[in-house]
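Please examine the sequence and the structure shown below. The briefing that follows is grouped by topic.

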Amino acid sequence: MASPKTVPKDAQVMMQILKDMGITEYEPRVINQMLEFTYRYVTTIIEDAKIYSTHAKKSTVDADDIRLAIQCRVDQSFTSPPPRDFLLDIARQKNQTPLPLIKPYTGPRLPPDRYCLTAPNYRLKSLQKKVSSSAGRITVPRLSVGAVSSRPSTPTLGTPSVQTVGTKVGTPVSLTGQRFTVQIPSSQAASVKSATPTTPTVQNVLINPSLIGSKNILITTNMVSQNSSSDSTSLKRKHEDEDDYDAL
Amino acid sequence: MAAVQDGPMELDAEKETKPEILSDGTSNLSGNTASGTMSSSPLTAAPAGGAPKMEDQQTLIAVLQFLKRNKLMESVDILRREAGLGEDQEDSQALDGSGGVKGDGDGGDTNSLLSRVSMASAAAPQSTLTPMPAKSANDQPDVSVVLSAYSQQGDPSLYKVYYSDLKNFIESVLDCHRAELSQLFYPLFVHMYLELVYNNNENEAKAFFEKFSGDQECYYQDDLRVLCGLSKKEHLKGNEALLDFRTSRFVLRISRDSYQLLKRHLQERHNNQIWNIIQEHLYIDIFDGMPRSKSQIDSMSGSLAGEARREVNKVKVFYGLLKEPEIEVPLDDEDDEAENEEGKPKKKKTKKDSMGSKSKKQDPNAPQQNRIPLPELKDSDKLDKIMYMKESTKRIRLGPENLPSICFYTFLNAYQGLTAVDFTDDSSLLAGGFADSTVRVWSVTPKKLRKVKSAAELNLIDKESDDVLERIMDEKTASESKILYGHSGPVYGVSFSPDRNYLLSSSEDSTIRLWSLQTFTCLVGYKGHNYPVWDTQFSPFGYYFVSGGHDRVARLWATDHYQPLRIFAGHLADVTCTRFHPNSNYVATGSTDRTVRLWDVLNGNCVRIFTGHKGPIHSLAFSPNGKFLASGSTDGRVLLWDIGHGLMIGELKGHTDTIYALKFSRDGEILASGSMDNTVRLWDSLKAFDDVETDDFTATTGHIHLPDNSQELLLGTYHSKSTPVTHLHFTRRNLLLAAGAYNSQ
């Protein structure tokens with residue numbers, strides 16, 4: 001605990017307030033937190049009051065302005081739980097409906113999908129340029145079950161070196177109404193000469209925040225990327241990122 | 001000065017007129033005159049004196065609002081014309097009066113008036129009171145007392161005199177009555193202080209406070225400190241607990257003799273101030289019998305709303321356990337097919353499970369099997385049950401001679417951030433909720449945590465193989481612990497589901513998240529509380545879970561509904577602890593208002609209120625047989641309650657700091673409690689409950705004289721160096737596991 005002599009006056013006042021309210025044990029940073037809060041709150045109120053007083057064409061800020069400022073702010077920042085009678089009322093309403101019966105044998109009992117967090121929170125971009133390569137293989141990104149839910153990020157994993165095929169990647173069978181597109185790094189596409197099958201890698205995937213939690217179900221099909229070429233370097237990858245965004 | 005008797009009579013007359021107005025919609029004129037006569041006294045003054053005075057105008061407006069609410073439009077017009085009031089005046093007045101009130105501000109004045117008029121004990125449902133502090137009754141006879149909304153209660157400087165008078169009187173009565181009547185001091189003190197503050201008599205309020213706050217009981221000191229900080233009317237508006245205090249009635253239990261004494265004394269005196277407050281704000285539950293002693297009163301008092309009314313605790317509670325489904329335990333471990341339900345014999349080799357077959361007829365205290373819908377047992381659940389029964393045969397029987405060993409799991413480097421802990425029932429997994437909003441799951445056994453493989457890999461495995469359930473697990477990312485990210489605030493409650501598939505966590509960000517323990521990802525976020533959720537727990541059968549938070553309600557959810565199924569409202573302050581009864585039909589909630597309430601899941605009613613703690617309650621535990629409940633709070637005491645009778649049956653003193661962990665052993669013989677004072681204490685619960693069985697309950701009055709036998713019941717105290725105990729768990733074989741975060745200071 002800092003000695004009272006070296007502590008600024010405001011902090012001394014705060015220590016005294018805490019003592020008056022009966023709080024004897026607290027970490028030293030509590031004083032700073034409380035002071036910060038005080039400054040912020042008072043500044044906000046006084047600024048608001050200044051605005052109100054200029055609006056009312058008064059020359060100085062007076063108590064009414066402050067009162068009005070406090071009133072307007074109190075509902076925004078310091079909300080308190082609803083009053084007891086209101087709670088009793090809604091509780092009465094809610095408790096009247098009987099408990100719903102439980103359907104047997106339904107697997108994991110979860111709410112309808114739009115209330116769950118299990119949907120993919122990204123969408124794959126459609127390919128912009130047709131790339132010719134070896135026939136017949138559809139390349140689609142590899143997706144893992146459930147891994148998308150919690151972290152919004154834009155992973156670009158591995159070396160992107162994918163091709164697609166002449167056929168446009170349309171909607172995979174298992175997903176209705178969902179547009180799936182693969183995004184191809186355009187520079188990559190240009191540099192591909194021959195399809196040399198190498199290790200399967202993962203493609204760029206764009207995460208579209210607007211789609212988080214809004215589309216249907218998990219992706220259940222297994223999609224493995226085939227055909228890859230390994231020309232890209234990490235530098236090129238950065239290029240591709242920008243291209244990807246532009247192409248969108 | 002009008003005699004006191006006029007007061008109640010006037011109120012009675014008021015009550016009669018109001019029903020007349022209500023029922024008599026058609027005869028507007030008569031209705032009008034009826035209300036007119038009551039308010040005629042101020043009204044007659046009004047036209048004579050020109051513009052009506054402030055108080056009278058408010059009276060008129062209150063009446064107008066009441067009539068409007070009951071759709072007596074013609075009366076409204078007539079009254080308005082006669083009184084000469086403009087419509088905008090009335091509206092602005094209404095706005096003023098209900099300014100800053102959430103919820104229904106409609107007819108707020110009249111509601112408060114109505115509720116003041118009806119002195120009967122059916123006050124609780126009439127909490128259509130808006131949360132404005134109730135208006136004080138005016139004891140001046142010429143103005144119609146009840147209708148005036150903001151009138152002054154007598155002379156503020158005389159409050160001190162009234163209070164001292166009462167104090168002198170109570171000190172002069174017989175000893176046996178004094179203890180009971182002293183219960184009056186605290187609520188009266190608070191109400192009078194709030195009156196003074198509300199009517200802007202700041203100086204008198206401060207003087208009043210200084211003079212009399214020292215007399216109050218020690219366990220009210222925290223509340224008094226909060227009160228001390230409130231010296232202006234504006235301060236009252238934000239303080240929810242106080243507003244609730246004003247609107248809910250403080251319950252006092254007083255014997256008939258003492259009550260008669262008090263009544264006689266107060267009615268003799270002409271200043272019926274205190275009598276008014278008593279009638280308005282206090283509910284006196286009168287019982288016939290011996291007055292209670294000071295220690296009895298002290299043990300039951302302490303909550304924010306006084307004690308519980310007797311009829312509240314009279315509802316029948318089904319505290320028995322549900323019947324276990326009969327499952328045949330195969331002699332041969334590999335032979336899983338031999339299990340059957342309901343005791344149908346299949347193979348002669350199998351041994352019949354004796355647990356369920358004992359009680360063929362229904363236990364009268366147990367609820368029906370289908371009272372609330374419960375999920376049916378799946379095959380995996382049946383396997384679990386078999387494991388459970390096998391383990392329980394190896395269980396150690398505990399007792400005073402045979403204390404359990406304690407295994408303490410210390411969280412290192414948690415930097416005081418560990419806020420919640422839970423173990424699975426078979427003690428294989430441990431989850432910790434932290435202040436940095438993460439939830440971490442550890443495996444307690446050597447078996448590592450594995451998650452299900454990704455869809456790509458799942459396609460490659462052989463689905464027909466026998467060990468497909470192992471093959472779907474990803475070996476590459478197996479680890480001792482997994483971290484779950486998702487919350488945006490400290491995690492205050494965690495709970496495993498009984499089938500170990502799900503984990504629930506509740507947080508300060510006001511959501512409850514359901515995590516899958518097979519993929520270690522978040523499945524659902526349940527939004528409903530708009531304020532921090534302090535605790536959550538899965539039901540012992542899975543599917544349902546309960547949560548309690550800062551919004552003073554507890555909610556019952558089912559995993560497949562995005563909205564709660566039941567809302568348990570009634571507490572006056574935050575709900576800090578929520579626990580299911582072993583039969584899943586009842587939920588116990590402990591709160592900061594120092595009461596424990598028991599709620600019925602079927603219809604959401606509060607079936608028991610237990611008062612007696614002197615601090616917020618942070619831990620609850622049901623005994624395995626379902627009959628008893630133990631609660632621990634910040635005052636360091638553990639209280640034991642008999643659910644069936646609704647009585648306190650034991651008090652365990654010994655801890656010196658908040659008790660955050662309470663657990664009964666698997667057969668209920670030992671109660672373990674862990675607290676912030678770095679100790680785990682073991683108590684002999686069999687003895688504590690036995691003593692009760694032999695006594696005869698004074699069931700009508702509910703007053704138990706508790707023997708002070710905490711020392712005899714204490715079986716052992718175990719100190720950790722500096723690790724407060726956050727959670728306790730008895731394994732299936734009765735080994736005690738404890739968890740806490742090392743506190744280096």
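**How chain A meets chain B**

In this predicted model, nine residue pairs are in polar contact between chain A and chain B, both residues being at pLDDT 80 or more. A polar contact is a pair of N or O atoms within 3.5 Å; within protein, one must be able to donate a hydrogen and the other to accept it, and residues adjacent in sequence count only if both atoms are side-chain atoms. On the side of chain A that touches chain B, helix 4 (residues 84-96) of chain A provides the largest share, seven residues.

**Composition and charge**

- By class, that side of chain A has 24 nonpolar, 13 polar and seven charged residues.
- One salt bridge (a side-chain nitrogen of Lys or Arg within 4 Å of a carboxyl oxygen of Asp or Glu) is counted between chain A and chain B.
- A:Arg109 and B:Glu376 form a salt bridge, with their closest N and O atoms 3.6 Å apart.

**Extent of the interface**

- The contact (heavy atoms within 4.5 Å) takes 44 residues from chain A and 58 residues from chain B.
- About 4400 Å² is buried between chain A and chain B, 60% of it on carbon and sulfur atoms; buried area is the accessible area (1.4 Å probe) that two parts lose on being put together, summed over both.

**Chain A itself**

- Chain A has six helices and zero strands, where helices (H or I, at least four residues) and strands (E, at least two) are DSSP runs, numbered from the N terminus.

**Conventions**

- Residues are numbered from 1 along each chain as its sequence is written, and chains are lettered from A in the order in which they are written.
- Local features need pLDDT of at least 70, side-chain atom pairs count only at pLDDT 80 or more, and totals for chains, interfaces and linings use all residues, while side-chain values use heavy atoms, with hydrogens and water left out.

How values were computed. Nonpolar A, V, L, I, M, F, W, Y, C, P; charged D, E, K, R; others polar.
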